[in-house]
Amino acid sequence: MKLARLAAILGVAVTAVLVAPHPASAAASIPGTPMGLRNVRSAQNAAQTLVYWKPVAGATNYRVTVTDGVTSWSYVVAATQPLNAGGTHQLTVATPDKCSRYQITVASRDAEGQGSSISVTEKSLVPTMVIKAKAVRGTDRTKATFTYTAPQWKGYLGGPTGGAQPDDPRNPKMSFTSTAQLVRLSDNKVVATNAATGASWTRARSLNFSGLEPNRAYVLKITNANKWGSCAAQTGRILLKAN
C-alpha cells in the first residue's frame, strides 16, 4: 500500500512538470523582428525616404516611427499590403529637414499588439562637422596652426531641390566648400577667413595664421556646405587658448 501511494504521488509530480512549458510555447508565436530593413533617400524628392523590410510571420500590421529627436511621425502598414517586386513591404516617409538625422523604427505587431522592432538611421542631406581637430601655437606665440580632417559624412549628391543620391566612395563626385573663420573671442571679431572647394577630401588640412595676440584666445569656426547648403548646428569649432 505504501508503494502504491508513493507511485501515485510521483505520477502527479511528473504530470505537473510536463504541463509547465505551455506558456513558453505561446510566447514563441509573437512576431519576430522585421528583417532586411533598409532606407533610401528619394531620387525624386529628397524630403522623403523610402523604407523597405521583409514580411514577418504572425504580424497583422507594422508600426513605422520616424523621429529627428524633437518631432515624430507614425505610420501603420497592414500586413496584407501588396509586396513590391522585390518581395518586401515598402513605405515612403517624411524626412524634410536637410540638417537632421532621422531614426526610422519598424515594429511588427500581432492582433494583441505584441511584436519586435528594429531601427535604421537616415543621414542629413548636408555635411557633418570636421573631425580630429586641434590647434597649436608655434614657438613664436603670435603664430598658430589648426589641423582637421574631413567630415565623416559629406552629404548627398543633388540640391538645392529635387531628389538626392548617395556619393560613390570609390569615385567621389561630391563638391563641397569648407569655410574657416578665425574669430577673436574677446570681441568676436573675425580676423581671417579661408575657403576651399573640392570634389574630394582625403587628407588632413592645415591652416597657418600669424599676427595673433599671445594673450588672446581664438576659435576657428569651420562650416562645410554642399549644394544642399550648410547647418549652423554642424559647424566645427577649434579653440586656440591664450598664451
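The legends below describe close-up views of one predicted model. Local features are taken at pLDDT of at least 70 and side-chain atom pairs at pLDDT 80 or more, while totals for chains, interfaces and linings use all residues. Residues are numbered from 1 along each chain as its sequence is written, and side-chain values use heavy atoms, with hydrogens and water left out.

**View 1. The open sheet β4-β3-β6-β7 is built from four strands with antiparallel pairing.** Strands are DSSP runs of E with at least two residues, helices are runs of H or I with at least four, and both are numbered from the N terminus. Two strands count as paired if DSSP finds at least two bridges between them. β4 (72-78) and β7 stand at the edges with a single partner strand each, so one side of each has no neighbour in the sheet. On average, neighbouring strands are turned by 20° against each other, direction ignored; the axes behind this angle are lines fitted to C-alpha atoms, for helices over the stretch in contact, and angles run from 0 to 180 degrees between N-to-C directions. β3 (residues 61-67) and β6 run antiparallel and are joined by seven bridges. In this pairing T67 stands opposite Q103 of β6.

**View 2. T105 is a residue of strand β6 (residues 102-109).** T105 has a relative accessible area of 16% and is therefore buried (buried, under 20%; exposed, over 50%; partly exposed, in between; 1.4 Å probe, protein chains only). Its side chain makes a polar contact of 2.6 Å with the side chain of S119. A polar contact is a pair of N or O atoms within 3.5 Å; within protein, one must be able to donate a hydrogen and the other to accept it, and residues adjacent in sequence count only if both atoms are side-chain atoms. Leaving aside residues up to four places away in sequence, T105 touches R63, V64, T65, S117, I118 and S119 (contact, heavy atoms within 4.5 Å).

**View 3. The side chains of E122 and R41 form a salt bridge, with N to O at 3.5 Å.** A salt bridge is a side-chain nitrogen of Lys or Arg within 4 Å of a carboxyl oxygen of Asp or Glu, and the structure holds five. E122 belongs to β7 (residues 117-122) and R41 to β1 (residues 38-41), so the pair ties together parts 81 residues apart in sequence. Both partners are buried: E122 has a relative accessible area of 1%, and R41 one of 4%.

**View 4. E213 meets R184 in a salt bridge, with N to O at 3.0 Å.** E213 lies in the loop between β14 (205-209) and β15 (218-225) and R184 in β12 (residues 176-184), so this pair ties together parts 29 residues apart in sequence. R184 is buried at 14% relative accessibility, whereas E213 is partly exposed at 28%. E213 also forms a salt bridge with R216, whose closest N and O atoms are 3.3 Å apart.

**View 5. C99 and C231 are joined by a disulfide, with S to S at 1.7 Å.** A disulfide is a pair of cysteine sulfur atoms within 2.5 Å, and the count comes to one. The torsion about the S-S bond is about -90°, so the disulfide is left-handed. C99 lies in the loop between β5 (89-94) and β6, and C231 in the loop between β15 and β16 (236-240), 132 residues apart. C99 is partly exposed at 26% relative accessibility, and C231 is buried at 6%.
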